[in-house]
Amino acid sequence: MRRAPMLLVGFWVGMAGCRGAPAGGDDGALAAADAASADAAVVDRPPAAALQVRWPGGRAELTPARLQGLPRVAATVEDPNRHAPASYRGAPLVEVLRAAGAGDALVDDATVVFHCADGYAAQATVAQVKRFAGLLAWQGGDGGPLPALPRHGGGALDPGPFYAMPTVAGATNAQHPWPYQVQRVELVAPAGRAQPMAPPGAPADGPVARGYAAFRGNCLACHAMNGQGGAVGPDLNVPLNVTEYWRPAPLRQLLADPLSVRAGAKMPGFAHLGDATLDDVVAYLAYMKNHKVPPPR
Ligand code: HEC
C-alpha cells in the first residue's frame with residue numbers, strides 16, 4: 001500500500017555531465033559518454049524499459065538509449081518510501097517531457113500524471129514539478145540499479161523501471177508525489193481538454209470545491225472520477241455514483257476507516273483529514289452524480 005504524505009528533506013548533490021542536451025534522435029550513446037566522463041566513477045546504466053509519454057495531441061516512446069542521452073542529475077533525498085536518505089540518478093522530468101516532444105504542453109498549470117504498474121496514478125502540476133525539481137530516476141546514486149524499497153507489510157519491491165521524486169526539500173505528497181514502478185507519464189492540459197473530474201458550476205469557496213481539492217490530493221491517485229485518475233480502486237462516478245448505492249453513514253465510515261466496514265479492505269483510512277474535510281469530500285462525490293461523463297470505451 002502506498003504511504004501517506006510525508007515531509008521531505010532533500011538537497012541537490014550536483015548535476016552529472018551535461019554539456020548541452022542532445023539534438024534529438026537516438027544519439028544517446030554520445031551524450032551518455034559525456035555524462036560518464038564528467039562523473040567517471042559512476043557506471044552509466046540505461047533504464048530497464050522504455051518510457052511512454054502522452055500529452056494533449058501526442059504520444060511518444062522514449063527508448064532507454066534516448067533517456068540515457070538526456071542531461072543527467074544525481075540527488076540525495078530523504079526518501080519517505082524508505083524513511084531514510086538515499087541517492088538516485090536519472091533525468092529531470094521537465095527534460096524528459098521536452099525530449100518526448102511535449103514541450104509546448106509544458107505550461108505551469110498543466111498536470112503531470114504518473115501511471116504506475118499497479119494502476120496507481122499520482123499527479124503534480126508542471127509548476128510543482130519545476131518548483132521541486134522533479135527527477136525521473138532509474139539508477140541508484142552509485143550507478144547501480146535502483147535500490148529496492150521496503151514493501152509495506154514486509155519484503156522488498158523493485159521501484160523500477162522509473163521512480164519519480166521531488167529533489168528539493170519541503171514537498172508534501174500532494175504537491176509532488178513519489179510514485180514508483182512508473183511506466184507512463186501523461187501531461188493533461190489545464191483547459192485545452194475537459195477535466196472530467198472537476199465539479200462544473202460549484203462555487204469556488206463552497207464545500208464541493210473544497211471536497212474536490214481534497215479528492216485530488218488524497219483519492220485521485222487510486223480512483224478515477226468520470227474515467228480519469230488511478231485504477232487501484234474503482235471509478236467513483238460511472239456508471240453509478242457511489243452515493244447512489246452507499247448510504248451516507250457507512251460511506252462516511254468507510255472513508256475514515258475502511259476496515260471497520262469491509263474486512264480485507266485495501267484502501268487506507270482518511271480519519272486524519274478530519275470530519276469537516278471528509279464531509280466536503282462526500283459533498284463533492286454526491287455533486288458529481290449529476291455530472292457524469294461516460295469514459296470512452
Ligand atoms: C491507495 C489507494 C486508495 C486511495 C488513496 C483511496 N482509495 Fe478508495 N478504494 C481503494 C480500493 C482498492 C478500493 C476497493 C475496496 C478495497 O479494497 O478497499 C476502494 C474503495 C473505495 C470506495 C468504495 C467503492 C465501491 O464501489 O464500493 C469508496 C467510496 C472510496 N474508495 C472512496 C475513496 C475516497 C473518497 C478516497 C480519498 C479520500 C479514497 N477512496 C482513497 C483504494 C484507494
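This is a predicted model: local features need pLDDT of at least 70, side-chain atom pairs count only at pLDDT 80 or more; totals for chains, interfaces and linings use all residues.

Analyst: Residues are numbered from 1 along each chain as its sequence is written, and side-chain values use heavy atoms, with hydrogens and water left out.

User: What percentage of the residues in the protein chain is buried?

Analyst: A residue is buried if its relative accessible area is under 20%, exposed if over 50%, and partly exposed in between, with a 1.4 Å probe and protein chains only. The protein chain has eight helices and 14 strands; helices (H or I, at least four residues) and strands (E, at least two) are DSSP runs, numbered from the N terminus. Of its 297 residues, the buried part is 48%.

User: How many disulfides does the structure hold?

Analyst: A disulfide is counted when two cysteine sulfur atoms lie within 2.5 Å. The cysteine sulfur closest to that of C116 belongs to C222, and at 9.6 Å it is too far for a bond. C116 itself is buried, at a relative accessible area of 5%. The number of disulfides is zero.

User: Which elements do the buried residues of α5 pack against?

Analyst: Helix α5 covers residues 207-218, and its twelve residues reach 16 Å from first C-alpha to last, close to the 16 Å expected; the expected span is 1.5 Å times one less than the number of residues. Its buried residues are V208, A209, G211, Y212, A214 and F215. Contact here means heavy atoms within 4.5 Å. The elements packed against them are β13 (224-225) and α8 (275-288).

User: Which side chain is joined to that of D280 by a polar contact of 2.9 Å?

Analyst: D280 is found in helix α8 and is buried, with a relative accessible area of 10%. Leaving aside neighbours within four places in sequence, D280 is in contact with residues including P207 and G211. A polar contact is a pair of N or O atoms within 3.5 Å; within protein, one must be able to donate a hydrogen and the other to accept it, and residues adjacent in sequence count only if both atoms are side-chain atoms. The partner at 2.9 Å is R210.

User: How far apart are the C-alpha atoms of A189 and W55?

Analyst: A189 has its place in the loop between β12 (182-188) and α5, and it is buried, with a relative accessible area of 14%. Not counting residues up to four places away in sequence, A189 touches P56, A110 and Q195. Although A189 and W55 are 134 residues apart along the chain, their C-alpha atoms are separated by 7.7 Å.

User: What is the distance between a polar side-chain atom of Y245 and an oxygen atom of the ligand?

Analyst: Of the 22 residues around the ligand, those that come nearest are C219, C222, H223, Y245 and M267. An N or O atom in the side chain of H223 lies 2.7 Å from a ligand nitrogen atom, and a backbone N or O atom of M267 lies 3.1 Å from a ligand oxygen atom. For Y245, the distance is 2.5 Å.

Methods:
A residue is near a molecule or strand if one of its heavy atoms lies within 4 Å of it.
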